[in-house]
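The following account leads through a predicted model.

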Amino acid sequence: MPKRHLADLSLPERVDAVRELGEQPFRAKQLSHHYFSRLSADPEAMTDLPVASRERLAGELFPPLLDTVRHIECDNGTTRKTLWRAHDGTLIESVLMRYPDRTTVCVSSQAGCGMACPFCATGQGGLQRNLSTAEIVEQVRLAAAAMRDGALPGGPGRLSNIVFMGMGEPLANYKRVLDAVRRITDPDPGGLGISQRSVTVSTVGLAPAIRKLTAEGLQVRLAVSLHTPDDELRDTLVPVNNRWPVAEVLEAARGYAESTGRRVSIEYALIRDMNDQPWRADLLGSLLRKHLGRLAHVNVIPLNPTPGSKWDASPKPVEQEFVRRVNEAGVACTVRDTRGQEIAAACGQLAAEE
Ligand code: SAH
């Protein structure tokens, strides 16, 4: 883990930290404003603090977290993947995507991933370590600053959406991810002030953690990576299914949907001749109707290629038939517009290699 950073701390904890450093408590608010509102961690810019305090406080509370290794772009620059190096050499990636009506950053919650889904590049390398709260928040702050500064074509803009769909399983790094969600959504000077409804947490389906998340009473969107409605195939596609099978995951998702009133996204990477059969579409439809009713939205993701995998996306007519059948069962289902395939930035392609 990196050294403690301001973004690891709640506002009251920041006040304590500042006090312990022999400074006035109100400095906590000033530092928070610099970081979360002005999106700056540069002590030089903190001209409302005396020079000596500035150096001491910044030295203690803004340790460097992420160095840019490189940016790679596609879609005329509106999709940008960044490779970051953490203090200990760990590599992670995040992806910024600008659309006409919104801008989304896809952040990593772990370096690598321990879930071992065989069709996902991140899963192939195993888990290196959890990211700290501040390392997660820093990906968002830097994305927000890039948008404000007009780093993407289209001029200055605003970062509107955060998705925990980068490297890692967010709910396997529960406490740090939840703290990061609070830093992202708390109003100034506590956090970045982005609405909870604009944050999506995606999970392979760690049922107990979904139930815990439900009890937090947040309004974030939940996405569940289901990929098939039957336990037999899911045991191989999403190995944690051996622990928490489909019915239990969907019951946990139902609990979340009912308590928030928000639709749960069901992610379904469509793989040729694996999970794309008409009968699986029908089974998916009936199962989701039973567990979630109108509170489900299926996102079909045409499988993105990953190194060494023999699997492939389904042919378009098969995909269309799949979507049609799920909709026919009364469950909303659309194909996700996936970005960044040519720069290995799309779903399941993040490997953070130099
Ligand atoms: N671990 C979390 C967060 C990652 S989100 C989760 O699994 O939900 C990344 C999404 O992309 C997941 O739905 C994942 O299953 C999906 N995915 C992984 N590999 C993929 C691939 N090769 N093509 C399309 N989607 C993929």
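**Cysteines, pockets and a histidine**

There are zero disulfides in the structure. A disulfide is a covalent bond between the sulfur atoms of two cysteines. In this predicted model, a pair of cysteine sulfur atoms is taken as a disulfide when they lie within 2.5 Å. For Cys113, the closest cysteine sulfur belongs to Cys120 and lies 6.6 Å away, so the separation is too far for a bond. Cys113 is itself buried, its relative accessible area being 10%. The sulfur of Cys120, in turn, has its closest cysteine sulfur in Cys117, at 6.4 Å, which is likewise too far for a bond. Cys120 is also buried, with a relative accessible area of 18%.

The largest pocket has a volume of about 690 Å³. It is lined by 30 residues, of which Arg102, Thr104, Val163, Met165 and Arg336 are the closest to its centre. Two or more lining residues come from each of the strands E4 (103-106), E7 (161-164), E8 (199-203), E10 (264-270), E11 (296-302) and E12 (332-335). Among these elements, E7 supplies the largest share of the lining, namely three residues.

Strand E1 (66-74), strand E3 (91-98) and helix H4 (121-124) are the elements that give two or more residues to the lining of the second largest pocket. Helix H4 gives the most, with three residues. The lining of the second largest pocket divides into twelve nonpolar, ten polar and four charged residues.

His5 is located in the segment before helix H1 (11-20). Is His5 buried or exposed? With a relative accessible area of 1%, His5 is buried, because buried denotes a value under 20%. Setting aside residues up to four places away in sequence, His5 touches Tyr35, Leu61, Phe62, Pro63, Leu65 and Ala134.

Terms used
Residues are numbered from 1 along each chain as its sequence is written. This is a predicted model: local features need pLDDT of at least 70, side-chain atom pairs count only at pLDDT 80 or more; totals for chains, interfaces and linings use all residues. Side-chain values use heavy atoms; hydrogens and water are left out. Buried means under 20% relative accessible area, exposed over 50%, partly exposed in between (1.4 Å probe, protein chains only). On a 1 Å grid over the protein atoms alone, a cavity is a set of points where a 1.4 Å probe fits but cannot get out, and a pocket is an open set with protein on both sides within 12 Å along at least five of seven lines; lining residues have an atom within 4 Å of a point. Grid points are joined across faces, edges and corners, and a volume is the space filled by probe spheres set on the points. Helices (H or I, at least four residues) and strands (E, at least two) are DSSP runs, numbered from the N terminus. Ala, Val, Leu, Ile, Met, Phe, Trp, Tyr, Cys and Pro count as nonpolar, Asp, Glu, Lys and Arg as charged, and the others, Gly among them, as polar. Contact means heavy atoms within 4.5 Å.
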